[in-house]
Amino acid sequence: SDDNVKIGFIVKKPEQAWFINEQRAASELGQEQGFTVVRLAGEDGQQVLSAIDNLNAQGAQGFVICPPDVRLGMAIANRAKQYGMKVVTVDDQFVGSDGKPMTEVPHLGMSGYKIGEQVGNAIAEEMKRRGWDMDKTGALRISNNELPTARERTDGATQALLDAGFNKDNVIDAPQQNTDTTSAFTAASPMFSKYGKFDHWVIYALNEESVLGGVRASEQYGLSPEDVIGVGINGSGAAFAEFSREKPTGFYGTVAVSSTMHGRQSAENLYQWITEDKQPPAYTETTGTLMTRDNWQEVRKELQL
Amino acid sequence: MGAVAAEADPWLVVENVTVEFPGVRALDGVNFSARAGEVHALMGENGAGKSTLLKVLSGVNRVTDGALRVGGERHVFANAREALRLGIAIIYQELTLSPNLSVAENLLLGQLPQHYGIVDRRRLRERALMILEELGEGNVHPATKVRDLSIGQQQMIEIGRALLRDARIIAFDEPTSSLSVQETRQLKRIVKRLRDEGRVVLYVTHRMEEVFEMCDAVTVFRDGRHICTHDTMAGLTQDQLVSEMVGRDIEDVYGYRSRETGDVILKVDNLEGRGLTAPVSFEVRRGEVFGFFGLVGAGRSELMRLVCGVESPKGGEIHFNGRTGRFNSPGQAIHAGIAMCPEDRKSQGIFPVASVTDNLNISCRRFFRRMGLWRDPGRELDNTRDYIKKLRIRTPGPRTRISTLSGGNQQKVILARWLSEKIELFVMDEPTRGIDVGARRDIYNLLYDLADQGKAVVVISSDLTEVSAICDRIGVMRSGALIDIVDRDAATPERLLGLALPA
Amino acid sequence: MSSDKSVHADAGSQPETVRPAGRQGLIKPLRTLLDTSGLIAIFIVLFIALAVAIPDFMTGRNMVGLLLSVTIIGTIATTMMMVLALGEVDLSVASIVAFAGVSAAVITSASGSVLIGALGGIAAGALVGVFNGFVVARFGINSLIATLAAMEFVRGLAYITSGGDAVMITVPGFFELGSASFLGLTLPVWTMIICFVIFGFVLNLTAFGRNVLATGGNPEAAALAGVNVRRLKIIVFGLQGLVAGIAGVLLTSRMGLGDPNTSMGLELAVISACVLGGVALSGGVASITGVLVGVLIMGCVQNAMGLLNVPTFYQYLVRGAILLLAVLFDRWKQQKRQRA
Amino acid sequence: MSSDKSVHADAGSQPETVRPAGRQGLIKPLRTLLDTSGLIAIFIVLFIALAVAIPDFMTGRNMVGLLLSVTIIGTIATTMMMVLALGEVDLSVASIVAFAGVSAAVITSASGSVLIGALGGIAAGALVGVFNGFVVARFGINSLIATLAAMEFVRGLAYITSGGDAVMITVPGFFELGSASFLGLTLPVWTMIICFVIFGFVLNLTAFGRNVLATGGNPEAAALAGVNVRRLKIIVFGLQGLVAGIAGVLLTSRMGLGDPNTSMGLELAVISACVLGGVALSGGVASITGVLVGVLIMGCVQNAMGLLNVPTFYQYLVRGAILLLAVLFDRWKQQKRQRA
Ligand SMILES: Nc1ncnc2c1ncn2[C@@H]1O[C@H](COP(=O)(O)OP(=O)(O)OP(=O)(O)O)[C@@H](O)[C@H]1O
Ligand SMILES: Nc1ncnc2c1ncn2[C@@H]1O[C@H](COP(=O)(O)OP(=O)(O)OP(=O)(O)O)[C@@H](O)[C@H]1O
Ligand SMILES: O[C@@H]1[C@@H](O)[C@@H](O)CO[C@H]1O
Ligand SMILES: [Mg+2]
Ligand SMILES: [Mg+2]
């Protein structure tokens with residue numbers, strides 16, 4: 001292998017466990033295969049371009065990126081072309097000016113919408129298992145409309161629920177101001193008192209932290225764990241924390257995706273493209289695995305989280 | 001003079017003290033001592049180092065060299081707390097109160113009566129009431145917020161705070177410059193009592209009468225150096241003291257010059273507004289120096305603030321220099337040719353973090369523009385240097401930050417700000433507050449020059465001698481109303497005071 | 001600015017007599033109420049309007065939820081009030097909340113003891129606070145910049161302590177901290193109430209509190225009067241850190257995990273609540289009633305928007321407008337009072 | 001506090017000699033340089049250290065990249081300096097950047113004209129600025145709270161205008177705004193340079209600038225000295241909005257889309273750069289050289305951390321520590337100079 005290969009790994013939220021994992025996995029791969037991975041943050045367009053400039057200054061040959069906004073695709077791709085760098089995207093795929101995915105940039109990831117659907121299906125199945133009356137069940141959608149990926153996920157979940165026969169009027173929006181537990185808690189709290197008519201609740205959101213906030217609010221309202229099904233997305237510490245509690249809570253499960261795999265695979269794709277001039281597949285789709293209290297340790301091991 | 005003979009051994013000894021600031025040696029090897037049971041006046045021009053000496057006593061200023069002895073023991077104070085503990089209380093030249101706290105809390109700040117940390121409200125109130133009574137401010141409620149008091153009252157609170165320290169050494173830094181006549185009287189009583197109790201009283205002032213009336217000894221400073229000490233006032237004359245202070249002879253500080261007056265430049269008709277209790281009418285002519293006398297709070301400042309567009313009148317008319325109508329802002333008034341030099345230097349006058357030259361040229365720099373567009377720092381500096389010379393402003397340079405100047409020198413800079421304006425009517429509110437004799441002479445001369453040029457000057461002053469000596473006519477105000485306008489010839493101090501005092 | 005100076009002294013008949021305005025004879029709490037009445041009036045009107053317009057608003061459960069949702073802001077606002085009264089500001093509170101929470105989670109899991117964990121978290125917060133106070137007091141660094149630096153640094157510490165991921169808590173007893181309840185209110189709510197009582201008391205009735213206000217109003221004056229300004233600042237910042245630490249530990253316990261990403265932007269919410277409550281950023285003016293009302297107004301508005309299903313984007317508009325209108329109204333009342 | 005008072009005049013001997021201290025004869029920029037030399041020294045040392053330690057640092061392309069990375073902060077810092085000099089603060093700049101950018105994108109797409117779009121975006125920014133100024137100047141509302149409200153409100157407007165999603169620009173000419181280059185530097189960089197020149201000039205060489213400083217130093221005195229304080233504030237806030245609007249439009253052009261989520265937290269970065277550069281938050285003190293150096297220090301540190309591959313979490317520590325150390329060092333130099 002080539003000693004001089006240096007690639008960047010730019011992520012939109014460098015403090016999130018998900019991205020930390022991705023970057024770590026990429027770096028580990030780099031160590032194994034003998035190339036350098038520069039981990040950078042790109043929390044908005046400005047920062048992304050600076051990060052690319054910075055990579056260029058270091059003489060990197062390409063980068064993996066999870067963009068802060070998928071529509072930055074054109075600008076990022078242009079900048080990369082200008083510097084002669086190769087780009088692959090991970091998690092979030094670039095969207096072109098026509099509003100369609102930019103297929104010329106290889107992508108590896110999960111579709112937010114599909115992962116959302118997985119959440120919705122998991123909830124629907126569990127509801128059926130518990131034998132709930134859907135008309136007496138509320139769906140708490142903790143939404144974050146400022147973030148397009150968040151919206152895709154919650155939309156996917158909502159659609160899956162509706163497809164399973166859920167009543168559209170029973171879907172309750174609780175917009176959160178942030179993506180953390182506290183803001184979800186604040187958003188969810190009033191909803192339980194407002195819709196006291198429901199016997200059961202299902203809760204979903206863009207990530208585990210937010211679902212947890214909703215679950216905590218349900219507990220605060222006095223709902224017992226049997227009456228709540230919360231399903232998150234990601235497979236991070238927040239979910240593990242919840243699963244390792246003594247007693248089950250309303251947090252039923254989470255759709256875990258292997259951030260480690262995403263990190264490794266996308267970096268490897270790029271590395272091979274640079275060294276062997278082998279263009280990676282235009283689109284690699286990954287899916288999630290439902291992780292519950294019963295199987296979380298095995299799934300965690302399997303996905304190397 | 002003293003009821004109790006002063007002790008033989010000085011209680012306070014200042015040995016060879018030097019204090020240096022960047023660019024200035026404020027005190028230069030000063031030796032000085034004061035005994036218990038005497039009132040010791042400290043005199044000297046603005047910037048001579050009087051306040052600096054007091055701040056050395058209170059631990060605010062560190063000495064570069066030298067030592068202090070208090071009651072025979074050597075001390076170097078690191079901070080105000082230590083000095084207070086050793087029985088030294090200072091009433092500073094600039095007010096040091098916390099505006100949103102009550103009178104009582106300000107009086108006892110730093111020593112609030114308390115049980116296990118909880119303020120003892122009753123004792124706080126009692127002690128405050130007691131000291132207010134003693135200060136002659138019995139009608140000030142202890143719960144009033146300090147910001148609601150007049151400057152004079154605030155100054156009295158400041159004095160009360162020092163008295164409450166029960167200090168062995170108590171120093172006053174120009175306490176009377178913002179006090180009313182009654183308050184000054186009360187202060188004199190307090191000073192006398194302190195002396196009789198055997199304390200060391202240091203008293204900084206620019207007012208000659210006070211020195212001769214109240215003090216037992218006087219020390220004169222010049223340029224940071226000790227010039228001389230008179231252990232007794234016997235045989236000392238005012239002229240001698242003045243020449244020791246300024247290093248030259250000044251015969252008549254006021255040096256009044258008479259002149260012809262011209263047309264009416266300002267005519268105020270039945271003006272009404274905040275601070276006035278009755279409509280006010282008066283005229284000022286070109287070439288005239290018109291004075292307003294009254295006790296503090298009589299409404300003089302408020303009246304002229306209404307005239308000069310600082311506040312809006314509720315009724316009445318103003319005719320100025322051919323135009324009729326009120327001014328909506330000070331800016332408008334200045335452009336029309338009236339400028340007002342405010343009374344409270346610290347809050348209304350200086351820009352503390354700015355340089356002397358920026359402070360001086362803030363208003364007049366529009367005359368120094370290059371091509372009418374951008375400013376001309378060179379000409380601004382020239383203007384500054386000009387006034388530094390004319391008014392003998394003591395500063396390391398025109399670019400020195402104004403807050404490091406002595407109080408009197410700051411006042412001179414503010415005066416120069418207005419003297420360099422192109423104006424027709426010049427309103428000065430307590431212009432010579434805190435200014436030394438020599439400089440006062442210069443300022444009066446500048447005022448006369450303005451009048452000679454056909455401009456008009458309005459002086460608001462609480463200094464009875466000053467108004468009666470420099471003004472052509474004097475309006476006397478009382479409780480928000482203009483009581484009478486007295487011609488120079490009829491304006492004896494007794495008459496003015498009689499009009500100003502509540503009937 | 002000039003409007004700041006003017007006062008509610010009676011339009012003078014006799015200028016010499018500064019007599020206490022009528023109100024000053026009243027007992028203290030009532031006076032404070034009247035002083036801040038502009039805001040209290042807003043709050044009462046708002047509250048009644050919400051209670052009438054939104055059927056679910058006045059339910060007991062919603063009230064409990066509302067109280068719970070303002071616990072963090074409310075608790076920290078009490079000490080922020082002290083910091084602001086001192087003429088300083090503390091931007092690092094949100095980071096302290098995160099750091100204290102993460103530390104508590106890590107220590108609890110490592111030691112197996114809830115007590116040690118909770119104390120450890122609180123101590124971490126207090127330490128940061130004392131450090132802030134030290135930097136501000138000893139070196140005279142502007143507190144905005146000092147605590148901005150601390151905000152970055154401490155957030156970094158929270159990430160490093162947690163490894164970036166939420167920390168799980170293995171000792172079940174830890175969760176009880178946040179859910180232990182007494183008279184129907186949980187510990188976090190009680191903590192907030194106790195903080196309001198304590199710091200209301202400290203501010204108004206102790207020499208310490210009065211010295212804080214005096215220092216904020218005129219630091220030079222306070223120092224000259226013998227107040228130990230330096231110690232005062234260190235204590236106040238220390239208290240701020242301590243209280244933020246407590247809030248962080250309770251949050252972690254309530255949420256069941258130590259999240260290093262939590263509470264971003266909290267500092268601005270806390271400062272707005274205080275300023276809304278009439279605390280002057282320039283120091284020297286503060287009222288605990290005001291802060292309480294400020295916190296409650298913000299909490300009610302947020303809660304009501306949830307109940308009313310206000311679309312997210314419009315929530316921004318509403319929050320901004322309410323903040324502005326509340327301050328405008330307060331200002332207007334003050335000016336009216338001055339003229340009266 | 002007390003340390004704030006002292007000045008940078010040279011040590012002299014005889015108080016009566018009013019001679020211009022040595023430095024005061026020097027030309028203005030050099031003097032300013034010496035005045036802020038504490039910070040400049042830090043910057044130079046830092047720069048040299050980075051150049052020596054990091055091979056890629058001094059390359060031309062990295063320098064261009066570095067410049068480009070500070071354009072937004074740098075551009076906005078020039079007007080923030082004016083706002084701070086006035087004794088006020090503006091927290092709404094980040095929201096203005098987003099709103100102006102989104103507006104420009106929407107208007108350009110709707111009208112098909114790059115000019116109309118760009119002007120529309122800039123006008124949107126200026127409007128918000130003038131509104132801020134009006135609220136602060138006319139109603140005497142504390143600027144921190146007024147612009148905090150604006151920050152929420154305007155961010156909401158950005159979301160509403162864009163529908164929450166980033167707005168793509170359909171007119172290709174728009175991209176040229178951000179990439180047009182002259183002498184190897186692009187328009188955003190030139191804009192920043194021009195802003196520094198203009199506002200340096202305004203601050204030092206116009207009566208307007210001096211009035212801003214005076215008003216920041218003592219608003220009441222400034223009003224009495226004939227300064228139209230109200231107009232001044234409206235103009236300064238308006239300029240701040242205008243410049244933030246320009247920055248927003250250029251950003252949108254560089255990115256190719258108007259993103260309502262952009263630049264969160266920018267306001268604090270801008271304010272820190274200014275304060276690092278010696279601008280006093282209490283008003284009345286500002287220096288354009290200082291601000292420039294403040295911006296560059298922050299940019300260099302960030303750039304170097306990228307080149308050095310510093311892990312994210314440690315970047316927080318480094319940023320916090322650098323900020324604190326720089327201010328501490330500056331303070332220390334000032335005190336040393338005072339004693340000298
Ligand atoms: N903090 C300071 N920094 C620099 N220079 C100072 C400082 N304080 C005082 N000075 C200088 O020391 C000198 C003495 O000042 P001081 O205030 O003691 O004068 P003063 O005799 O009290 O005058 P005045 O009658 O005007 O009050 C002045 O030249 C002044 O500029
Ligand atoms: N901001 C204010 N609010 C209410 N009343 C005020 C205010 N300022 C002044 N007053 C009142 O207006 C009256 C006149 O005060 P003013 O300051 O004009 O008196 P003066 O004769 O100029 O005395 P001084 O020598 O103190 O300047 C006083 O009764 C004073 O209490
Ligand atoms: O923000 C999400 C992140 O939380 C992770 O789930 C990966 O996808 C990103 O879009
Ligand atoms: Mg003095
Ligand atoms: Mg007056």
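How many residue pairs are in polar contact between chain C and chain D? I began my notebook with that one, and the count is two residue pairs, both at pLDDT 80 or more. A reminder to myself before going on: this is a predicted model.

**Entry 1: which chains touch**

I looked up the chain pairs to get my bearings. Five pairs of chains are in contact, and chains C and D share the most contacts of these. Chain A and chain B, on the other hand, are joined by no contact. I noted that the closest C-alpha atoms of chain A and chain B lie 36 Å apart.

**Entry 2: the C and D interface**

I stayed with chains C and D for a while. Each side brings residues to the contact: 46 from chain C and 46 from chain D. Together the two chains bury about 4000 Å² between them, and 80% of that is on carbon and sulfur atoms. I then asked which residues of chain C lose the most area to chain D. They are C:Ile145, C:Phe313 and C:Tyr316, which together make up 14% of what that side buries.

Next I checked for charged partners. The rule finds two salt bridges across the interface of chain C and chain D. I looked at one bridge in detail: the side chains of C:Arg319 and D:Glu152 meet there, at 2.7 Å from N to O.

Then I went through the helices on the chain C side. The largest share comes from α8(C), with 13 residues. Sorted by class, this side of chain C has 31 nonpolar, seven polar and eight charged residues.

**Entry 3: ligand 3**

I moved on to chain A and its ligand. The residues surrounding ligand 3 are A:Lys12, A:Gln16, A:Trp18, A:Phe19, A:Asp92, A:Thr149, A:Arg153 and A:Asn234. By class I wrote down two nonpolar, three polar and three charged residues for this shell. Two helices of chain A, α1 (17-33) and α5 (148-163), each supply at least two residues of the shell.

I looked up some distances from oxygen atoms of ligand 3 to side-chain N or O atoms. For A:Asn234 the distance is 2.5 Å, for A:Lys12 it is 2.9 Å, and for A:Asp92 it is 3.3 Å. How much of ligand 3 does the protein cover? I found 96% of the 270 Å² of accessible area that ligand 3 has on its own.

**Entry 4: ligand 2**

My last stop was ligand 2. Which chains supply the residues around ligand 2? Residues from chains B and C surround this ligand, so the site is shared between chains. There are 14 residues around ligand 2, and B:Gly297, B:Arg300, B:Ser301, B:Glu302 and B:Glu343 come nearest. The shell divides into four nonpolar, five polar and five charged residues.

The side chain of B:Ser301 has an N or O atom 2.4 Å from an oxygen atom of ligand 2. Backbone atoms also take part in my list: an N or O atom of the B:Gly299 backbone lies 2.7 Å from a ligand oxygen, and a backbone N or O atom of B:Glu302 lies 2.7 Å from a ligand oxygen. As for cover, the protein takes in 79% of the 630 Å² of accessible area that ligand 2 has on its own.

Key: Residues are numbered from 1 along each chain as its sequence is written. Chains are lettered from A and ligands numbered from 1 in the order in which they are written. This is a predicted model: local features need pLDDT of at least 70, side-chain atom pairs count only at pLDDT 80 or more; totals for chains, interfaces and linings use all residues. Side-chain values use heavy atoms; hydrogens and water are left out. Contact means heavy atoms within 4.5 Å. Buried area is the accessible area (1.4 Å probe) that two parts lose on being put together, summed over both. A salt bridge is a side-chain nitrogen of Lys or Arg within 4 Å of a carboxyl oxygen of Asp or Glu. A polar contact is a pair of N or O atoms within 3.5 Å; within protein, one must be able to donate a hydrogen and the other to accept it, and residues adjacent in sequence count only if both atoms are side-chain atoms. Helices (H or I, at least four residues) and strands (E, at least two) are DSSP runs, numbered from the N terminus. Ala, Val, Leu, Ile, Met, Phe, Trp, Tyr, Cys and Pro count as nonpolar, Asp, Glu, Lys and Arg as charged, and the others, Gly among them, as polar. A residue is near a molecule or strand if one of its heavy atoms lies within 4 Å of it. Accessible areas come from the Shrake-Rupley method with a 1.4 Å probe; for residues, only the protein chains shown count as cover.
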